[in-house]
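Please have your viewer ready.

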Amino acid sequence: MEQDNTSEGSKLSMQDKPLNETASNTNAQHPNDKGSQQTKKRPVVVEEPRLKQSLKFWFTPVDSAFEWYQQYGDAYSFHPIASQAIDFLAHPRYIKSIVGQHSNFQTGEGNAKLGGFDSVFGKKSTVVLDGDEHEKRRDWIKDALELEKVLPALNAARVDVNEHLATWQPGQPMELYSEMRTLATQLMCKVVLGMQGEPMKIMANELAELLETAITPQSWLIHHKAKLAIIDKMLYSNIAAKRATPGDDVLSRLIQAPETWVTAEDIHDNILTLVVLGHEGASVTTAWALYHIASDPAALEYIMQDVTYIAESDQLTQEKLNNTHHLDALIRETLRLHSPLIAIQRMATCPVKVGEFDVDAGQIVCPSMYLIHHNKEVWGDQAGEFQFDRFEQIKRPDPTMFLPFGIAPRFCPGQHIGYAEIKILLSDILYKFGKRIKPASNWQPLTRRRGNLLTPYENMPFILN
Ligand code: HEM
């Protein structure tokens, strides 16, 4: 199984690289620059065979990103096989530059081409669309995702979380990340799809198996297509049920929304998108947060009052969730050190300048939150360390330096639900088990790639004392 250095490796990898030291290949002639004598300033090109670049980035994305950063600076261009060249950008000034001229970039086409999202979610998913088609679906979804509307279903779903936690046996080896995936998927099946009981558990299992092979070369296998067909059948029958009897779930709100352009395909593709994106980031983040809390008694002490407050509240309100600042700080630090994505991508729609570089129409640029979050110039000498109270003083992190949820205008519309999910899972687990959760003693805090995600190596084995 592929593995990659994350928290520990990063301490070494980002050392001593001055932020303003930018290696650039100023003489490179851009392929699109046919007749012009004028040279364009381009990021330095990674000088390794393309097959090697592809394998390194596929199997060890974090290690290769750090290695190339050390070698080439905070902007470099690499070129995997079966893809176009990608400019990898690791400085807040590039984020500022892209956000400042966001209308010159699009995201959907690249998400489909590079991320393969359309083969899982479908062609009407908001993540693979651009322009007006994207905007209208995004507005439709955002409205249905308002926290106040989602809270009743989230509150109800806590019963299932606690039921699942009651099955944890002391002394029995488990995988913390797999457990968080199960819990977060079940939460999203309830909140987004309004499913419960056995059908919800079956759906959560099918999704977990599908995502094991999604967006990898195996996704061409018959097994994968068969899984997708089972999920589609369940989704369409659930959509029919909600049309007949609406509930307090996101799906019912999407069906009832006044938009006239909405087709059955729109509904299917976007609820699948929400269930998948809605559990992936939260499960990675909760697993890493639990790992750090288990490794440092002071971290547990720091959040215990908030944990008790949430765990003892049967009905969570927006106000209660807003009143847990220590949990917010600890979750932010986890998202900083272990952002579930290494980078987001944007495709230029016309020739533009990004920072000091010339970018042609069609060029893909990838702002890397992972590298920015580990940069000592941005986060200080302890950038590679987990400091549970780092965000105590940083109430409004600069969005060019802290971007686990991406950047405008594609910024994650489920951010508030993500925080609520993580708070619920952390609180219900820690209230029940506190210091009894112990990561396996020989486990190394590394990551592996799973689809487009960076997830804990070996699913983070742990034991309950
Ligand atoms: C810790 C949890 C989460 C993390 C770290 C996360 C992160 C992200 C990131 C990095 C993006 C890409 C933004 C960009 O390109 O600039 C994104 C997009 C998106 N996320 Fe999240 N997300 C989380 C939770 C959620 C939840 C709970 C939902 C919904 C229930 C959700 C729904 C979406 C959707 C629909 C998009 C696509 C937005 C668009 O294309 O305009 N996410 N998320």
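The notes below go from the ligand shell to the helices behind it.

This is a predicted model, in which local features need pLDDT of at least 70, side-chain atom pairs count only at pLDDT 80 or more, and totals for chains, interfaces and linings use all residues. Residues are numbered from 1 along each chain as its sequence is written.

**The ligand shell**

There are 27 residues around the ligand, and Gly278, Gly281, Gly406, Gly414 and Gly418 come nearest; a residue is near a molecule if its C-beta atom, placed from the backbone, lies within 6 Å of it. Helices are DSSP runs (H or I, at least four residues), numbered from the N terminus. H13 gives the most to the shell, with seven residues.

| Helix | Residues |
|---|---|
| H7 | 131-144 |
| H13 | 264-295 |
| H19 | 415-433 |

By type, the shell has 16 nonpolar, nine polar and two charged residues. Here Ala, Val, Leu, Ile, Met, Phe, Trp, Tyr, Cys and Pro count as nonpolar, Asp, Glu, Lys and Arg as charged, and the others, Gly among them, as polar.

**Helix packing**

The buried residues of H8 (residues 147-165) are Val150, Leu151, Ala153, Leu154, Ala157, Arg158 and Val161; buried takes 20 or more other C-beta atoms within 10 Å of the residue's own, with C-beta atoms placed from the backbone. These residues pack against H9, H12 (250-256), H15 (318-322) and H19, where contact requires C-beta atoms, placed from the backbone, within 7 Å.

Notes: Helix = DSSP H or I, 4+ residues; strand = E, 2+ residues; numbered from the N terminus. Buried ≥ 20, exposed ≤ 12 C-beta atoms within 10 Å, placed from the backbone. Contact = placed C-beta atoms within 7 Å.
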